[in-house]
Amino acid sequence: MTLEGRRVVVTRAEEQAGSLARGLRERGATPLLVPSIRFEPAEDPAPLAQAAREISRAAWVVFTSATGVEYGWGAIREAWPDGLPAGVRVAAVGSGTAEALQSAGAPVDFVPREAIGDVLIAELPIEAGDRVVLLRSHIGREAIASGLARRGAEVHDVTAYRTITEADPDAVADALRQRPDAITFTSPSTARGFLASVPDIGALAGLALVAIGPVTAEALPPFGLRASAVADPHTVGGILATLDALYA
């Protein structure tokens, strides 16, 4: 087993940690679960409900996370129980989001070659004037909306859910007492939620800090840290492969 005896901190939300934890166990590692974010419905559900009702006006609906699928596709399905209106296409920022859409019974018409917002902006096949409904967290990056607008899209930027960045300080302390070999971050929010609860950042010296992608890696320097490695591809599978390579 490639990670036999290793201890790896998993910072994903509790309901999303399963696939990474399972992959670690299959490799002989012990996952230390420290949920560092949680999700809640949008404070005002009206904009999402309205966007769902008016989805027939859109050329594209863009999902930027599996959680966005849970909240956003749920609203669309409620408004359109017989399926999306003709002509409306669905884009996912990456394979994980695409899998969530497929599991929910939603179509997936486009996935960029890399699970990065900038690549989605560049590759989404839009024409000037196309209405794009972007469903994201209230703290999601505004870069996707502004980037698509620069390409001429009419972007309807909708808060589908809220991301609460916080980790239980006791859970963080307990994980660090177990002397982990690595900490994995699957979004900027997981990094901020976990690191804000670490009383002594210096205690992380020597640990492998693995980010799922470059945007997540950018969340570490404000805490005086740098990612030891960035997964490629930017998926849970990529994180596991990166850990395999680090400890080969």
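Residues are called buried under 20% relative accessible area, exposed over 50%, and partly exposed in between, using a 1.4 Å probe and protein chains only. The model is predicted: local features need pLDDT of at least 70, side-chain atom pairs count only at pLDDT 80 or more, and totals for chains, interfaces and linings use all residues. Residues are numbered from 1 along each chain as its sequence is written, and side-chain values use heavy atoms, with hydrogens and water left out. Helices (H or I, at least four residues) and strands (E, at least two) are DSSP runs numbered from the N terminus.

**Strand β7 and residue E154**

- E154 belongs to strand β7, which covers residues 154-165.
- With a relative accessible area of 40%, E154 is partly exposed.
- Contact means heavy atoms within 4.5 Å. Not counting residues up to four places away in sequence, E154 touches R57, G129, D130, R131 and V132.
- A polar contact is a pair of N or O atoms within 3.5 Å; within protein, one must be able to donate a hydrogen and the other to accept it, and residues adjacent in sequence count only if both atoms are side-chain atoms. The side chains of E154 and R131 make such a polar contact, at 2.9 Å.
- E154 and V132 are 22 residues apart along the chain, and their C-alpha atoms are separated by 6.0 Å.

**Packing of α2 against α3**

- Axes are lines fitted to C-alpha atoms, for helices over the stretch in contact, and angles run from 0 to 180 degrees between N-to-C directions. The axes of helix α2 (residues 46-53) and helix α3 (residues 66-79) come within 8 Å and cross at roughly 55°.
- Angles under 35 degrees count as roughly parallel, over 145 as roughly antiparallel, 65 to 115 as roughly perpendicular, and the rest as oblique. Helices α2 and α3 are therefore oblique to each other.
- A crossing is right-handed if the near helix is turned clockwise from the far one by less than a right angle, and left-handed if anticlockwise. The crossing of α2 with α3 is right-handed.
- On the α2 side, L48, A52 and R53 take part in the contact, and they meet Y71, G72, A75, I76 and A79 of α3.
- By class, the contact of α2 with α3 has 6 nonpolar, 1 polar and 1 charged residues. Here Ala, Val, Leu, Ile, Met, Phe, Trp, Tyr, Cys and Pro count as nonpolar, Asp, Glu, Lys and Arg as charged, and the others, Gly among them, as polar.

**Helix α10 and its surroundings**

- Helix α1 (residues 18-26) packs with helix α10 (residues 236-246) at an angle of about 30°, and their axes are 10 Å apart. This angle makes α1 roughly parallel to α10.
- The crossing of α1 with α10 is right-handed. It brings S19, L20, G23 and L24 of α1 into contact with V236, I239, L240 and L243 of α10.
- By class, the contact of α1 with α10 has 6 nonpolar, 2 polar and no charged residues.
- The buried residues in α10 are V236, G238, I239, L240, T242, L243 and D244. Their cover includes β1 (7-10), α1, β8, β9 and β10.
- P233 is in the loop between β10 (229-230) and α10. The peptide bond from D232 to P233 is cis, with omega near 5°.

**The ends of helix α7**

- At the start of helix α7 (residues 169-177), a side-chain oxygen of D168 reaches to within 2.9 Å of the backbone nitrogen of D170.
- R179 is placed in the loop between α7 and β8. Its phi is near 55°, a positive value in a residue other than glycine.
- R179 is exposed, with a relative accessible area of 70%.

**Other loop residues**

- S187 is in the loop between β8 (182-185) and α8 (188-195). S187 counts as buried because its relative accessibility is 18%.
- Leaving aside neighbours within four places in sequence, S187 is in contact with I37, I212 and T216.
- G206, in the loop between α8 and β9 (208-211), counts as exposed at 84% relative accessibility.
- E142 lies in the loop between β6 (131-137) and α6 (143-150), and E142 is exposed, with a relative accessible area of 58%.
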